[in-house]
Amino acid sequence: MPVEAVAVHLNEYFAAMTEAIFTRRGMINDFVGDAIMAVFGAPLTDPDHALHAVQSAVAMEQALSTLNQRWEAAGLPSLHMGIGIHTGNVFVGNVGGAVKLKYAVVGDPVNATARLESLNKELGTHILITEETRTPLGDQVEAKDRGEFVVKGRTRPLRVYELLVVHADSGLRDNR
């Protein structure tokens, strides 16, 4: 595709994903290429951040499916995405210097989440969550245990689950 067409394609994608994230109290920290870094539970405290994150992930998947149907009907290429959700304590706030200041999310959980997202290709999955996210969700979700993985930059493995169903919102379908 010509560069201008790629930009139009990505802008449609980002608009749909942004809506799915904002609707469930998420905040977009950054767009990195075609990736989105979203945060739940900051800058405003949200005791249900894990639930809102998985609800957002399923809504994002549904929105992408709708976009892909429209794009394919128009002869345009479809997009595929993987989502990783990990819960942990991070620094959130402004970083930088006098010339450039940026609101950032920094800490091991950010890196672990990026590595988790990339496991989707290896596992043939769409939405992966860690035990740190799975545990507080209890029976609000169904998830398949995919085992432990040591990811780049960490010595301790992550227990990884494939998100299958979110029960907390009847407006969301199964992710199977």
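## Salt bridges

A salt bridge is a side-chain nitrogen of Lys or Arg within 4 Å of a carboxyl oxygen of Asp or Glu. This is a predicted model: local features need pLDDT of at least 70, side-chain atom pairs count only at pLDDT 80 or more, and totals for chains, interfaces and linings use all residues. Residues are numbered from 1 along each chain as its sequence is written, and side-chain values use heavy atoms, with hydrogens and water left out.

The structure contains eight salt bridges. One of them joins E12 to R70, with 2.7 Å between the closest N and O atoms. This pair links distant parts of the chain: E12 sits in helix 1 and R70 in helix 2 (residues 49–73), 58 residues apart. Helices (H or I, at least four residues) and strands (E, at least two) are DSSP runs, numbered from the N terminus. E12 has a relative accessible area of 26%, so E12 is partly exposed. R70 is partly exposed too, at 45%. The cut-offs are under 20% relative accessible area for buried, over 50% for exposed, and in between for partly exposed (1.4 Å probe, protein chains only).

R159 forms a salt bridge with D145; their closest N and O atoms are 3.0 Å apart. R159 lies in strand 8 (residues 158–166) and D145 in strand 7 (residues 141–149), so the bridge ties together parts that are 14 residues apart in sequence. R159 also bridges to E148, here with 3.6 Å between the closest N and O atoms. E148 belongs to strand 7 and R159 to strand 8, so this pair ties together parts 11 residues apart in sequence.

R159 is partly exposed, with a relative accessible area of 25%. D145 counts as partly exposed at 39%.

Four strands form an open sheet in the order 3-6-8-7, with mixed pairing. Strand 3 (83–85) and strand 7 are the edge strands, each pairing on one side only. From one strand to the next, the twist averages 30 degrees. Strands 7 and 8 pair in the antiparallel sense over eight bridges. Two strands pair if DSSP finds at least two bridges between them.

Helix 2 packs on the sheet and touches strand 3, strand 6 (127–130), strand 7 and strand 8; its direction makes about 65 degrees with that of strand 8. Helix 3 (residues 108–123) also packs on the sheet, touching strand 3, strand 6, strand 7 and strand 8, and its direction makes about 135 degrees with that of strand 3. Contact means heavy atoms within 4.5 Å. Axes are lines fitted to C-alpha atoms, for helices over the stretch in contact, and angles run from 0 to 180 degrees between N-to-C directions.

## Aromatic cluster

A search of the whole structure finds two aromatic pairs. Rings of Phe, Tyr and Trp (its six-membered ring) pair if their centres lie within 6.5 Å; planes under 30 degrees apart count as stacked, over 60 as edge-to-face and the rest as tilted. The Y13 and F14 rings have centres 5.5 Å apart and planes at 50 degrees, so the pair is tilted. Both residues, Y13 and F14, are buried.

F14 and F31 also form a tilted pair, because their centres are 4.2 Å apart and their planes at 35 degrees. F14 is in helix 1 (residues 3–22) and F31 in strand 1 (residues 26–32), 17 residues apart. F31 is partly exposed at 38% relative accessible area. Y13, F14 and F31 form one aromatic cluster.
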